[in-house]
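Subject: Structure handover

Hello,

Here is the structure I promised to pass on. My notes on it follow below.

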Amino acid sequence: MTAIPKAEEKQKLISIVVPCYNEEEVISETLKRLKIFCSELTELDVELIFVDDGSRDRTRELLRNYASEDTRIKVICFARNFGHQIAVTAGIDAAVGDAVVLIDADLQDPPEVVHEMIAKWKEGYDVVYGTRTERPGESAFKLATARGFYRLLNKLSDVPIPLDTGDFRLMSRAVVDTLRAMPERDRFVRGMVSWVGFKQVALPYKRAERFAGESKYPLRKMLRFATDGILSFSTKPLQLSVALGMASAALSLIGIAYALFLRIFTNTWVEGWTALMIAVLFIGGVQLVSIGILGEYIGRIYSEIKKRPLYVVQEYLGFPNEGPKMSRSPVVNITNT
């Protein structure tokens, strides 16, 4: 009896998602390094998904040219700037790989490290996240605030989030499909990946200096990002506002007792103005802080119930005629380059 030969097993596919915002100065070098990485992968196929997050420079024009020259390159062009975390989400939505790698365009996260991530994935890990051992080229202020943020976040978060990690990571298809099912608007992807669970492992690496251009996270955006991270994964700020309210109530009782003592046992009725003002200002401050915390949570509820699209894509480049497998955009324009 003649044995029937087995069908040749299809090569697995890796999707590399690269969010871009005004990366004209670095995008050519980024693509060059990624192509070198792709040429070194002999056992895996690769697709490169660039997400243009409403760039105001020539980033989109350059990406359009690259997509016309290489069928592995796909480009998602936002109608405006929606932010880094939304751009990452759009790339995850469109990716069809057996594993998805998230990497920024600035080359601070070296593409060569992805080889080690793939090796860990082949060992059975669902998430391989990069942990920064060194961060050259960054100011002492940024290093100190980043270190403090991650430790504060872990203190407050209901889900442990790895320290000193960004979005640079590899995720299995199971993790990607789970992330796709999470519809929240105020997204903190690294926290969402921790919440998902599965088998995760850290991969220490030395972060490089930015190849060109400037950081897309000034202090204002960093603070907003930190707020999203804390409020998306913790209700402890609400508990803190309750604790402050109880503390202020206790101090108020002490002040009342002091005022009654003066009224009953002394002839001094007018004194205590300073203590009264301190108490009023303290209680007022606690109330404003508590209202502000409540307002942040309520604002997020308001944003969710409007159910607006998470992002709007002006154009998809390099995708099949039917478009990506998944898109949250109400407009799906496909351009075959």
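Y205 counts as buried, at 5% relative accessibility. Buried here means under 20% relative accessible area, exposed means over 50%, and partly exposed lies in between (1.4 Å probe, protein chains only). F168 is buried as well, with a relative accessible area of 2%.

A word on the basis of all this. The model is predicted: local features need pLDDT of at least 70, side-chain atom pairs count only at pLDDT 80 or more, and totals for chains, interfaces and linings use all residues. Residues are numbered from 1 along each chain as its sequence is written, and side-chain values use heavy atoms, with hydrogens and water left out.

Back to the rings. The structure holds four aromatic pairs. Rings of Phe, Tyr and Trp (its six-membered ring) pair if their centres lie within 6.5 Å; planes under 30 degrees apart count as stacked, over 60 as edge-to-face, and the rest as tilted. F168 and Y205 form one of these pairs, edge-to-face, with 5.3 Å centre to centre and 75° between the planes. This pair links distant parts of the chain: F168 sits in strand β6 (residues 165-172) and Y205 in strand β7 (residues 200-206), 37 residues apart. F78 and F82 also pair edge-to-face, at 5.4 Å centre to centre and 80° between the planes. Both F78 and F82 are buried. Ring pairs join F78, F82 and Y311 into a cluster.

Strand β7 also holds Q200. Q200 counts as partly exposed, at 24% relative accessibility. Leaving out residues up to four places away in sequence, Q200 touches Y125, V127, Y129, V193 and S194. A contact means heavy atoms within 4.5 Å.

After α4 comes G124, whose phi is positive, near 115°.

Now strand β1 (residues 12-20). Eight of its nine residues are buried, so β1 is largely enclosed by the rest of the structure. β1 pairs with strand β2 (residues 44-52) in the parallel sense over nine bridges. Two strands pair if DSSP finds at least two bridges between them. C20 has D52 in β2 as its bridge partner. The chain crosses from β1 through helix α1 (residues 27-40) to β2, and this β-α-β crossover is right-handed. That term applies if, with the strands pointing away from the viewer, the path from the first strand over the helix to the second runs clockwise. β1 also runs parallel to strand β4 (residues 99-102), joined by four bridges. V17 stands opposite L102 in β4.

Last, the overall picture. The protein has ten helices and nine strands. Helices (H or I, at least four residues) and strands (E, at least two) are DSSP runs, numbered from the N terminus. Of its 337 residues, 45% count as buried. Among contacts between residues at least 6 apart in sequence, 78% join residues at least 24 apart.

Best wishes
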